[in-house]
Amino acid sequence: MTERKIRVLIAKPGLDGHDRGAKVIARALRDAGMEVIYTGLRQTPEMIAEAALQEDVDAVGLSILSGAHMALVPRVLELLRANGQGHVHVFVGGIIPEQDIPALLGMGVRAVYGPGTSTQKVVEDLRAAILQEYQA
């Protein structure tokens, strides 16, 4: 019996026009053997939640540089829960002020990664979290 690959959606919500970090993370996850779906720039929370549902993902990574994380992330979480995907591991990367991290984690975000985080840490964290989810 073969192990199912971890499926991850990487998305750029809002009006951000810079996606290098999202592409770096997408490539690192893919190189680590995960299936990665990258939605591209300027996605609405509704588009992200719909893609997560259609692609049956285990995790959603949101890359946000615009400062709109406190508006966009709660909406994505709300829509995922409405779609019956409250179990999906949501992680956020980008420019996130330290004072906002506890609120994001309290909403249900599983991890927040800032500039300079190693791709290996993201891969290891995600793999461990999804493995734990499967065993639960």
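Helix axes here are lines fitted to C-alpha atoms over the stretch in contact, and angles between N-to-C directions run from 0 to 180 degrees. The model is predicted.

Start with a helix pair. Helix α1 covers residues 20–31, and helix α5 covers residues 119–135. Their axes lie 9 Å apart and meet at an angle of about 55°. The crossing of α1 past α5 is right-handed.

Which residues make the contact? On α1 they are Val24, Ile25, Ala28 and Leu29. On α5 they are Thr119, Val122, Val123 and Leu126. By class, the contact between α1 and α5 has 7 nonpolar residues, 1 polar residue and no charged ones.

The largest nonpolar core holds 25 residues. Leu9, Val60, Leu62, Val73 and Val109 touch the most other members. Several elements each supply at least two residues of this core: strands β1 (7–11), β3 (59–64) and β4 (89–94), and helices α2 (45–55), α3 (69–82) and α4 (101–107). Helix α3 gives the most, with 6 residues.

Take Leu62 as a way in. Neighbours within four places in sequence are set aside here.

How values were computed: Residues numbered from 1 in each chain as written. Predicted model: local features only at pLDDT ≥ 70, side-chain atom pairs only at ≥ 80, totals over all residues. Heavy atoms only, no water. Helix = DSSP H or I, 4+ residues; strand = E, 2+ residues; numbered from the N terminus. Left-handed = near helix turned anticlockwise from the far one by under 90°. Contact = heavy atoms within 4.5 Å. Nonpolar A, V, L, I, M, F, W, Y, C, P; charged D, E, K, R; others polar. Core = buried A, V, L, I, M, F, W, Y, C linked by side-chain atoms within 4.5 Å. Buried < 20%, exposed > 50% of the residue type's maximum accessible area, 1.4 Å probe, protein only.
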